[in-house]
Amino acid sequence: MAVSFANVNAEAGLKKLDEYLLTRSYITGYQASKDDLAVYSSFLADPSSKYINVARWFNHIDALLRLSGVTAEGLGVKVEPSAVPSASILDVADGQAPAADEDDDDDVDLFGEETEEEKKAAEERAAAAKASGKKKESGKSSVLLDVKPWDDETDMAKLEEAVRSVQMEGLLWGASKLVPVGYGIKKLQIMMTIVDDLVSVDTLIEDHLCAEPVSEYVQSCDIVAFNKI
């Protein structure tokens, strides 16, 4: 579903984009895509910090560009060069009014789920590694994760300690930082290096980072960038 925005360099356009990003991490989907690049590129200057959701999204995309982590194709997005009526922040390609999507939002898992194909691929990869009786050169990947707490009262120091407590062969934790999300809530962004044949990121998230005891602090975990080394 394509989306359309007013001129983001005007006050009205910024306000509408800020409202749109209130419940979203990205322009479309659950990871950074070319849709985010299209909107990001339309800015003539950094957005004002008073638009907290736009500023949070803009800084996140800016960081991803430096990490070269934006690879998804996206759904297609159009940014108007001038202001449009305030009621049309989201123009659905089939012509339906924005209100028609409100019920759909209730059913959307904001953080996504692992598909059956991804689970099967991870299992086959793990089985192939175990079946090999000889040592061989294995590829490595650099992964950037977003780790989200339950609320603004979550102890982020203990959350990071719990995340780093997860240890396994082929996993090396790297640099981290806290990123403001809004309303006093921060998320943990942390880098890790994995040996591809030894570590499945999906299994790491599902069976360790989002399972007890780490889940006492962690609500959810998303893959922000995944690059081969």
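Helices (H or I, at least four residues) and strands (E, at least two) are DSSP runs, numbered from the N terminus.

## About the model

This is a predicted model, in which local features need pLDDT of at least 70 and side-chain atom pairs count only at pLDDT 80 or more, while totals for chains, interfaces and linings use all residues. Residues are numbered from 1 along each chain as its sequence is written, and side-chain values use heavy atoms, with hydrogens and water left out.

## Salt bridges

Let's start with the charged pairs. The structure has six salt bridges, each a side-chain nitrogen of Lys or Arg within 4 Å of a carboxyl oxygen of Asp or Glu. One of them joins Lys16 and Glu19 (3.9 Å, N to O). These two are three residues apart in helix 1, so about one helical turn separates them.

Another joins Lys187 and Asp146 (2.7 Å, N to O). Lys187 is in strand 5 and Asp146 in strand 3, so the pair ties together parts 41 residues apart in sequence. Lys187 is buried, at 6% relative accessible area, and so is Asp146, at 2%; buried means under 20%, exposed over 50% and partly exposed in between (1.4 Å probe, protein chains only).

## Nonpolar cores

A nonpolar core is a set of buried Ala, Val, Leu, Ile, Met, Phe, Trp, Tyr and Cys residues joined through side-chain atoms within 4.5 Å. The largest has 23 residues, and Val147 is among those with the most contacts inside it. Val147 touches residues including Leu159, Val163 and Lys187, leaving aside those up to four places away in sequence; contact means heavy atoms within 4.5 Å.
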